[in-house]
Amino acid sequence: MKHLLRTAILATACLMLASPVLAAEKVRWKLAMTWSSTLTPLASAAPRMAEMVAKMTDGNFEIRVEGSEKHKAPLGILDMVKGGQFEMGHTASYYWKGKDISSVFFTTVPFGMTADEQYAWLYFDDGNRLQQKVYDKFDVYSLPGGNTGVQMGGWFRNEIKSLDDLKGLKMRIPGIAGEVFAKLGVNVTNIPPGELYTALDRGTIDALEWVGPSMDIKMGFHKIAPFYYAGWHEPAADMQFLINKEAYAKLSPAYQAILHAAIQAVVFDITSENFDANSRAWDAMKKEFPNIKVMTFPEEVIQAMKKANDEVMAAYAAENPEFKEIYDSQQAYLEMARTWTRISTLHYLQTAEMVK
Ligand code: CA
């Protein structure tokens, strides 16, 4: 009898060891997005990440994703993740520029890095370490969230023929680029994505930048503002995953690793999806909406943007040591990496165009 009992206990112990389901922790998280659920590809990142996490944990780690149509606070994501109402967020770092100016570097800055250069800086140089240093102040982890690639310079009701045409213009343009335009006489504002069309339609703004053809065309901006300018201000806008530190600390090391793996997978996914969606939308746009006038800013305007941008960055660097540290790191990396971009990507494109 004693022998039988011992065998039964041993068998139960073996069963417990062999069956991870018995030991699996149940975790229920919520994630808030800046985007409404229909604003794909940006709004694809979080649900796909959540789906991967659920599959890799047999459904035990569940992340419920809320679009801005539900939580109604598209520009409140950092506060909500910091405060713990949501364990995670999917948004863009430069929306927190009013809280910490150094946040801009982890989305994009005018005349800055391409996506290749930025990811190399983030993952293999100092970028992600510096990013976390900024976000430690908010008790959250901040991780890359997928890249839009080069963004378009925006939709304008009227053609910009000279610097004078910028004076008094009312435009939605966030980040450092907004400050650059403000220096050039533009009345700058940031408006949440869901309100952009109405603001343009009602004349609250005369111009706006949003993302690129795939996300812009479905918003309908071209019906009101048909001058579509090529980009200068967001050469590689990276999105952002935010994680509440306290919630993260309660996860097992395995769940933490699964979360990181899923985030990393969707970063690649969303970057590729943006490129694919933009190429297709650009191709379709030319056929379906011949009224759209694709423009580049006059050189006089670009030169003035660059000068104003350098002044804005230098002023922040002079007053804020952390901003300076990140700016210097990015500039030093860019100076090194751009020589490679030039001879690899740029030279290749010129070579291929030459024999087209
Ligand atoms: Ca943008």
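Student: Why is Y94 called buried?

Tutor: The relative accessible area of Y94 is 7%. Buried means under 20%, exposed over 50%, and partly exposed in between, with a 1.4 Å probe and protein chains only. Y94 is therefore buried. Y95, with 14%, is also buried.

Student: Where do these values come from?

Tutor: This is a predicted model, in which local features need pLDDT of at least 70 and side-chain atom pairs count only at pLDDT 80 or more, while totals for chains, interfaces and linings use all residues. Residues are numbered from 1 along each chain as its sequence is written, and side-chain values use heavy atoms, leaving out hydrogens and water.

Student: What makes the pair of F181 and F297 edge-to-face?

Tutor: Rings of Phe, Tyr and Trp (its six-membered ring) pair if their centres lie within 6.5 Å; planes under 30 degrees apart count as stacked, over 60 as edge-to-face and the rest as tilted. The centres of F181 and F297 are 6.5 Å apart and the planes stand at 80°, so the pair is edge-to-face. F181 is in helix α8 and F297 in the loop between β11 and α13, 116 residues apart. Helices (H or I, at least four residues) and strands (E, at least two) are DSSP runs, numbered from the N terminus.

Student: How do you know that β7 and β11 are edge strands?

Tutor: The sheet is open, with six strands in the order β7-β6-β8-β5-β9-β11. Two strands pair if DSSP finds at least two bridges between them. β7 and β11 each have a single partner strand, so one side of each lacks a neighbour in the sheet. Three bridges join β6 to β7, and these strands run parallel.

Student: Why is the arrangement around the calcium ion called irregular?

Tutor: The coordinating residues are Q151, E209, W210 and E234, at 2.2 to 3.1 Å. Donors are N, O and S atoms within 2.8 Å of the metal (3.2 Å for Na, K and Ca); water is not among the atoms, so sites may look incomplete. Four donors count as tetrahedral if all angles lie between 85 and 135 degrees; four count as square planar and six as octahedral if opposite donors are over 155 degrees apart and all others between 65 and 115; anything else is irregular. The six donor atoms here subtend angles of 42 to 161°, so the arrangement is irregular.

Student: Is Q151 buried or exposed?

Tutor: Q151 has 2% relative accessibility, so Q151 counts as buried.
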